[in-house]
Structures are given as structure tokens and as C-alpha cells.
Amino acid sequence: MAKLIGESVKRVEDLRFITGRGQYTDDLVLPNMTYASIVRSPYAHARIKSVDTSRAQAAPGVVAVFTGKDIADSGVSGVPCGWQVNFKNGDTMKEPPHPILAVDKVRYVGDAVAVVIAETRQQAKDAAELVEVDYEVLDAVVDVRKAIQPGAPVVHEEAPNNICFDWELGDKAKTDAAFQQAAHVTRLELVNQRLIPNAIEPRSAIGDYNPATDKYTLYTSSQNPHVIRLLMCAFVLGIPEHKVRVVSPDVGGGFGSKIFHYIEEALVTWCAGRLGRPVKWTAERSESFMTDAHGRDHYTVAEMAFDQDGKITGLRVNTLANLGAYLSTFAPAIPTYLYGTLLQGLYTTPAIHVDVTAVFTNTTPVDAYRGAGRPEATYLLERLVETAARELGVDPAELRKKNFIPPFDGVNQPGYQTQVALQYDSGNYHGVLEKLLEVADYQGLRKQQEELRKQGRYLGIGFSTYIEACGIAPSAVVGALGARAGLYEAAQVRVQPTGKVTVYVGSHAHGQGHETTFAQIVADRLGLNLEDVEVIHGDTESVPFGMGTYGSRSLAVGGSAIARSLDKILEKGRKIAAHLLEAAEEDLEFEDGKWTVRGTDRSISFGEVALAAYVPHNYPEGLEPGLEFTAFYDPANFTFPFGAHLAVVEVDPETGKVKLLKYVAVDDVGNVINPMIVDGQVHGGLAQGIGQALLEGAVYDESGQLISGTFMDYALPRADDLPEFVVDRQVTPCPHNPLGVKGAGETGTIGSTPAVVNAVVDALSPFGVRDLQMPLTPERVWRAIQQAKTA
Amino acid sequence: MHSTPEEKISIELEVNGQPVQAEVEPRMLLSDFLRHRLELTGTHVGCEHGVCGACTVLLNGDPVRSCLLFAVQADGQKITTVEGLAPPDGRLHPLQEAFREAHALQCGYCTPGFLLSLIPFLEENPDPSEADIRQALSGNLCRCTGYLNIIKAVRLAAQRMRAGR
């Protein structure tokens, strides 16, 4: 039997996608379906004086028009926040309601005000234009630094100075003392700009209600159908959970933006109940830009202290985090527990303190976007280290090595306890950096840089060495940190009577290839062929309660749940096999899909045992028939992938244009099930991280209009913006989960942004440029050069 | 301007080799016509402003953005969508095959648009350089792959198509 774990098996999901037979939410057509168009605020901040729907109601094809008042009158609440962070003084964060449709005030451009439902999508759109909303426009605030000033426009009355919470982590006194004694301090002011995730499939949701069974179905392009069902039933619509089925069919990319419970999901479900007809809503791209939760948006002042030997002695960080107009589902966790806790990085820094103020503004809500907090932490650390290296006149790789945590495997050596709450599982940080230097030919690159500089050409080399916490997460730990949910994962392995296997998983794939990777795990372990295993996900009616896919958790947590189910299958199978072979259980060994009596040629196949479990004529006494098991896996710790990246750029000083020439990534994601899929995850992550460094950025004007609201104004990386990636690996297994895996979905995004910016700053260092703010557009780079020249 | 439903116009066209006759509103987009009227949902709509390329189909063999054309503009023309790429016997087009082998897709949403943009490109450029391929791809957005494996797939398909000639 072929070994499947560790093999680049071709994906089983591909055939439907390359032939156009995937099934995304907007592809579904239900009988008697209607179409919703949402009336959205054109203002960032305004009081709603009145909403007149009479002309819209009378328009051709219109079935119904609902306003915020209609929804509020029916007793429906707003969408909830799933994570609570407390103020430093212990007070609960400010948690203003986020109604499905705004009632008295709109708080960002795109805030939903009314919904029009019609027989066709075109009729719904036409009629939506006839809804007349009388607004009293208010001053808006979009910048966090302005939002906290006295006298700034107030987004929510219940949050004075627009502060949702303040928060700190680490030892302030010890850190301040470290800075007092420092031989050198490097300080940077960093804008980690707002990004718009832009999955290519726009969000879509269909609500359906069957009065005969009193059951609702919601089809939605979501990363976690069970969480949507729970939040929508228990907190928004008040429908019993067993009366609601949530289905996420094929989902065209998520990157975090499809984790959250959006108002449109509750809206179409509520409308379907009202109308007794299915209601479909699909975002137009302009709605995606305006209403998909955005990412990042930090303003940070960060300082790193060094002693005379170049050892890091302290890190002090002050961050203003923009949450947008409302609290999205996991928003409070991103700039706190997924950010502050990562500020140890790979370094032995003995004193760390981080202070975060989370702020409401009249902008789209901000939440997790690929990496979620960890890219922001890595960006500031890696920019500081590299800036310090330049200031101290030492090689940036050497400075890192000097400060790295020594290798530990988490088995023979204990995990590494950080200054900021986490305990790293296993790591070999020197290993990835040494490998990177070799694979990238670092010495050769420096020589080339020197030669080109003599010719007036500006090559830059930038590093980034990162760690991330993923595989979220031990439920008790995150519960203590404010999560209003457990973060385990569930899997059911159902062996059919013929020995074929169906696996039902609570995680959800939207490009990650779970149908292949998970089947590899099962087939490898049971000694079956890949095609004997089918993976089912994305339907709350068939799969056990799962927490979904985000934070690079599916394999580390969901895969571990599958592994645990397989343990139970094999344990029961062994009992049946022992009975059929008339041998003692302990004399059996399972290999290549069969149980063999040790030291003999007597054996029985997995398929024969499966058949006996369902046709139990000759069967162990007292044992239940059937062969299926469910496992819920709650991880013992986070997993901590890490890596070392290097970018090489050339800058044209005449135009400011940055050309990314080379990108090398050496990652350690623990054990790898399918190298082809992991490489693909890394490639995609790199493109997004490079996009942040060079191209992407959400821009609001002073009045809160989203200026970067189309693909003409918001630059997603294209094929001709990117170089060939060189991707390599080191393997340090995770010591605490059954597969030894760490997670690979976000490494590329986390590692690449600082590497590219560091490379550009390195290229411009002959001009005296010390810092640049992202995205590094030609204009910004050119201006920085001019400014440095005149300084 | 706010539209009373306009008079419908009769169109006749060929879609994936099959004759199609329909009555459509003049404002109906070709992408909506293919997806919602003909239920050819393999053509995906990603941006409705002609930038992302997900909705690319062939019009008389040339790649076009179906979100930027009205269905009435396809009157009398031949349209090919992703559903029409593989011959009915179940074989795949060499580029489809190469996409699978090179892991050139993840979520699959942009994939039909890439396939339909690249097939005419490969017919005109049987032996493209990497720079040619990146240039050819730059009209389509993919948020998952970072494009590297798409480039590999194009090379692989080009090689096989040359060998098969």
C-alpha cells in the first residue's frame, strides 16, 4: 500500500473546478427564489431622519421592502461580538449594538439601511434606488489618532473618545528600566495600513424557510458554518439551533474575511421567514470593498533597547488599533491576544511591554485578515531589528542570530516561556536562518549589491524571521483570555460496510485542499487507496459541531480530530479482528490495511472487519455493531510555525519604482502531509504579504468616503508584479498533537511584508533613507529619496 | 432613467457548440445571461468592472470579459465557456490537465477565467517565455496562488501542446 502522508498527491477537488462544475453560493437556484438588494449609506456618519419606501414598494416585481425599524420591531438583535477584552482597569470593553439594518444612525459608508426584495436581481436593484433616506450628515472621523482627541466626532455615544478598550501585556516597570540602562535604542513610528481582503468570490447568502417543517436553511460563503449558525440562532434571530441548517458550499477564497457573522446572513434568513420564499443576496464588488471586514490598520510607536554587545534588552510598544464602526465577530482579539502575545518573536528579549488602545472610527469594521495580529507584530519586530542592525553597523543576520532563542524540541527540552504569556512548542530558529543564507547565497548577494552600487544601481536585501501562534486554540486558555467560544475541532470517521470511508469534518475548505489532505491522513492510516475516502464539510446538518477554518488551524486541530477518530476506529477494529482470527488482541499488528497475528501469516483485511461490523453474524460478544467514531480535539497548546525569509529588490531612484527580483522563504511548519499544497499556501501568502508591502492600501478621505473602492484604485498583486518564489523547508515537529503539524496558511503573509520593506530601505540606505511607510508606491519611494537628498 | 422593464430583444447565438435562442432585456449582461439564463455557472463574476477577469469567455475564439458585454452583443456570435472546453468524451483540455498537475488553483473561483484567457494565448504563442506568460496572466486576478503554479501550468501545457501537434 502506498504511503500517502508526505506525498504531493494531486487534489481531488480540482476536477470540478477546472471544468466549471464547482458550486458556489451564487450558483445555487432554489424554486421560487427572490433577490435582495441592500440600500446602503453613502455617508460615513449621519442621522437617519426618515426612510420612505413607498415608491420602492410600488416598483415592478417588488415583493417586500424592510427597514431597520421593521427588524427592530420584530425583536431581532444585532450581530454579536465573539471575544471580550477588558479595559486595563477591569471594566468590560464598550460593546455598542451592531443592528442588522441601521435604525437611527449610520456609521460608515456601506452601513445597511434597508433591503428591497424582488422577483429578479435587476428589479431589486432598480427599486433600491427608489428608497428615499433623509440623512442629517454628521462630521466623520477615520484616523485613529484624531478619533481619540477631545472634541472628535463620536461614533457611539456609549464609547467616550471613541475608545472601545485599552489593554496592556508584559512588565512595564522592568521594560522601562531596561530602556533606562540601554546602550542603544531604536525607535520607529509605523503605520500598518488598512487592507481589504478581496476574496475573488464576493460574499453571498441565500435564506430559505419551509413552513411545513418550520426549518430554515442558510447557504452562505463562510469559513465556519457552525459558528454562523450558533451566533445567528442564539444571539440574533432567536431561532432554535436545531431548526436551522447552515451550508457553506464551495467558497471562493476567504483569507479571514469569511469568518465573521455578517448582517446579510441574518437578514436573508429573517426575510425568508417573513416571506416564505428563498431570498438571495450576492455582494457586488463595490459592496465587498465597503462591507467585507478589513484588516490591519495599526498606528504604532515601537522601541527596542540594546546593550553594548547588541543583545536586545527591552521592547516597548504603543499601538492605536482601528476597529472601524462596529465590533466585528473577533475584532477585539486581533490587536491584543493575537498581536501582543507575539512580540517575543524569535528573540530572548527579557523585558517586553505593549500598550494597545482600540478605537472606533467611521470606517468599515476591521477584523482578522490572513495572519491577523501576527503580521502586525512581526512587522514591527523585524523592522526594528533590521533598523537597529543598520544603526549599530552589524550584519542583520548576525544580529538576529545573536538574539535568537536556542533550539528546543519541546520533548527533551521544555517549551520556551515568553515574556508575553505564550509557551512556544518547539523551535530551531538558527536552523531556518542558516538554511536561508545558504539557499539564497547571501554572501553572493551582498557582493553583487556592492558591485551594482558602484554602477549607481540600488539593490536592496531584506530579511524577516518570524514566528506565529496558530492551531487556535486550547479552549480553556482562550476562554480565560475572553473568547466566548471553545476552539476545539470535530471529526467523524464513518466506515461503510464495504470498507469505504466517509469523513465528516467541522473545519471548512475554501481553497486549502482539505478534501485531499484529510483523505491522505485517513487512507494512509487505514491502508486504503485515496479514492476509497470521501471528505465532507460545510453542512451543519451532516458534520459534527466544528469551529471552522482560520488561524492555520484546520490540520493542527481538525486533522488531529481525524487522527483521534482513527484511533478509535482501529481500537474497535482490532477487537473484531481478534475475534475473527481467534487470537488475542495484543498479538495483532495493523499494517498495510490488515491485522496480522504477529509471527504468523494469518491476517484479516480492514474491509473484512468493516463488513463484520455491519453484518455481525460472527462477532465479539457484547460489542456494538457498526464502525464509526467522532472525536472532538481540544489542543494542548497553540502551534508555533516559524521561518526565515529574504527579499531582494532593485529601486530605480529616478522613478521610485521597486522591482522585486528574488524572494526566498525557508519555513518550518512541522510535519507536512502534502508538500505541493503547503508550497501553494506559502506562495499565496507571499503574494498577499508582498501586496501589503508594495501595492495595497485602503484609503478613506476626511469625510469617510472609501477612495480605494474598486480594483482600479486598490492594487491587488498581479502576475507581473511578482518574482519567482524559492520555497524551502525545515521540519521541527509539533510535540503536542498527534500529527506533529503546525499549520501553513499564514506563514507567507506574516514573513514577507517586513522582508520586502527592509529590502527597499536597505536599497535606499546610501541616500540616508531610514524608514518608509507602506505601501511602497513609486511616489512614496521617490519622495523619500528626494527628502533624504535635501536633508 | 429608473427603468420600467424595457422591451425584450430576441437573440440567437451558439454557446459551446449548441444553438441558443432567447429573449433578453437589452441591459442584461452576457455574464448574467450565461449564469442565470443558461445555468452555465462555471463563468464566475468577480468584479463587474472588467478588472479581475474571472468572467472571461471566448467570443468567436477571442477572450472577452462577459461582465462588460451585453447579451444582445453576442447575437449571431459563438461563445465558449469553461463548460465547453473539454470534449464530451471526458478528456480534458491540456491546459485543464496542466492546472491540476501543477496545482495552479486553490479555491477555483478565478480558474475558469484564467483557462479561457490562456487558451487563445497558447494557440498564438506555442512556446512562450516566462515574461510572456506573466504578461498574459496579468489581466486576471488570483488571490490564492501567487501565480507561480499557474505559470508552471502554462509552460507544461505549452510543452504538451507542442508535442501533440
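In the predicted model, the two domains of chain B meet through 15 residues of domain 1 of chain B and 11 residues of domain 2 of chain B. Domain 1 of chain B spans residues 9–82, and domain 2 of chain B covers 94–164. Taken over C-alpha atoms, the centres of these two domains are separated by 22 Å. On the side of domain 1 of chain B that touches domain 2 of chain B, the elements giving two or more residues are β3 (56–59) and β4 (62–65) of chain B. Of these, β3(B) gives the most, with 3 residues. The composition of this side of domain 1 of chain B, by class, is 7 nonpolar, 7 polar and 1 charged residues.

Within chain B, helix α5 (residues 148–164) comprises 17 residues. From its first C-alpha to its last, α5(B) reaches 24 Å, close to the 24 Å expected at 1.5 Å a residue. Several positions of this helix are buried, namely Leu148(B), Asn149(B), Ile150(B), Ile151(B), Ala153(B), Val154(B), Ala157(B) and Ala158(B). An α-helix has 3.6 residues a turn, so residues three or four places apart point the same way. The buried residues of α5(B) pack against elements of both chains: α18 and β28 of chain A, and α2 (94–101), α3 (111–124) and α4 (130–137) of chain B.

The contact between the chains takes 44 residues from chain A and 44 residues from chain B. On the side of chain A that touches chain B, α1 (14–18) and α18 (675–694) of chain A each supply at least two residues. The most is given by α18(A), with 6 residues; α18 of chain A is also one of the elements against which the buried residues of α5(B) pack. Divided by class, the side of chain A that touches chain B has 18 nonpolar, 12 polar and 14 charged residues.

The strand β28 of chain A, likewise packed against by the buried residues of α5(B), belongs to an open sheet of 4 strands in the order β18-β26-β27-β28 (chain A), with mixed pairing. The edges of this sheet are formed by β18 (458–467) and β28 (725–729) of chain A; each has a single partner strand, so one side of each is left without a neighbour in the sheet. From one strand to the next, the twist averages 15 degrees. The pairing of β18(A) with strand β26 (residues 642–652) of chain A is antiparallel and extends over 10 bridges. Thr465(A) stands opposite Ala644(A) in β26(A).

Chain A is divided into three domains: domain 1 (14–138 + 201–252 + 258–291), domain 2 (295–472 + 637–790) and domain 3 (488–633). The C-alpha centres of domain 1 of chain A and domain 3 of chain A are 39 Å apart. Their contact draws 15 residues from domain 1 of chain A and 13 residues from domain 3 of chain A. The elements giving two or more residues to the side of domain 1 of chain A that touches domain 3 of chain A are α7 (225–237) and β11 (244–247) of chain A. The largest share of this side, 4 residues, comes from α7(A). By class, the residues of the side of domain 1 of chain A that touches domain 3 of chain A divide into 7 nonpolar, 5 polar and 3 charged.

Definitions and conventions
Residues numbered from 1 in each chain as written. Chains lettered and ligands numbered in written order. Predicted model: local features only at pLDDT ≥ 70, side-chain atom pairs only at ≥ 80, totals over all residues. Pairing = 2+ DSSP bridges. Axes fitted to C-alpha atoms, helices over the stretch in contact; angles between N-to-C directions. Domains from an automatic or database assignment. Contact = placed C-beta atoms within 7 Å. Nonpolar A, V, L, I, M, F, W, Y, C, P; charged D, E, K, R; others polar. Expected span 1.5 Å × (residues − 1). Buried ≥ 20, exposed ≤ 12 C-beta atoms within 10 Å, placed from the backbone.
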